[in-house]
Amino acid sequence: MNPLFVNCFMALLLACHHILWIHQGLVDMQKPPEMISGNMTAAMCVYSALFMRFAWMVQPRNYLLLACHASNETVQLYQLSRWAKGQGYLSEKKVEKEEKEKSESQ
């Protein structure tokens, strides 16, 4: 079998696989934040960041892999922010909120 054919076939197969990850992340945006796994989402962010760097550094540059992982990174970071808000990590504390309201009313 021709090695070039095998490489092109595997690249296409992996690109489809990565596009399905992006699709699944977009579908998960409809689910409540309580169903998001913070550990898995953080792991996916690190994974996509590493492979974006790999796709950029390899010669010749793999723009398809870079685009797939950049899209996945965007979706996963959004999911991570939804999870953090759901857990209360990104919300203002009640004490700070009350102090802010008091200073605005005076």
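Author: Start with burial: a residue is buried under 20% relative accessible area, exposed over 50%, and partly exposed in between, using a 1.4 Å probe and protein chains only. This is a predicted model, where local features need pLDDT of at least 70, side-chain atom pairs count only at pLDDT 80 or more, and totals for chains, interfaces and linings use all residues. Residues are numbered from 1 along each chain as its sequence is written, and side-chain values use heavy atoms, with hydrogens and water left out.

Reader: Why is Gln 79 called buried?
Author: Its relative accessible area is 4%. The cut-off is under 20%. Therefore Gln 79 counts as buried.

Reader: What does Gln 79 touch?
Author: Contact means heavy atoms within 4.5 Å. Leaving out residues up to four places away in sequence, Gln 79 touches Gly 25, Asp 28, Met 29, Ile 36 and Thr 41. Gln 79 itself sits in helix H3.

Reader: What makes Phe 54 partly exposed?
Author: Its relative accessibility is 45%. That value falls between 20% and 50%, so Phe 54 counts as partly exposed. Phe 54 is in helix H2, residues 38–57.

Reader: What makes Val 46, Leu 50, Phe 51 and Phe 54 a patch?
Author: Patch members have over 30% relative accessible area and no salt bridge; like charges are joined within 9 Å, and nonpolar side chains (Val, Leu, Ile, Met, Phe, Trp, Tyr) within 5 Å. These four form a nonpolar patch on the surface, with about 390 Å² of accessible area together. Such areas come from the Shrake-Rupley method with a 1.4 Å probe; for residues, only the protein chains shown count as cover.

Reader: How do you know that Asp 28 and Lys 31 form a salt bridge?
Author: The term requires a side-chain nitrogen of Lys or Arg within 4 Å of a carboxyl oxygen of Asp or Glu. Here the N to O distance is 3.3 Å, so the pair qualifies. A search of the whole structure finds one salt bridge. Lys 31 is partly exposed at 35%.

Reader: How many disulfides are there?
Author: The search finds zero. The test is a pair of cysteine sulfur atoms within 2.5 Å. Cys 45 is buried at 7% relative accessibility, and Cys 68 is buried at 6%.

Reader: Where does UniProt place the "transmembrane region"?
Author: The unreviewed UniProt entry gives residues 5–23 and 35–56. UniProt positions use the numbering here, feature names are shortened, and annotations may be inferred rather than shown by experiment. In the model, residues 35–56 are 86% helix and 0% strand. The end C-alpha atoms of that stretch are 33 Å apart.

Notes: Helix = DSSP H or I, 4+ residues; strand = E, 2+ residues; numbered from the N terminus.
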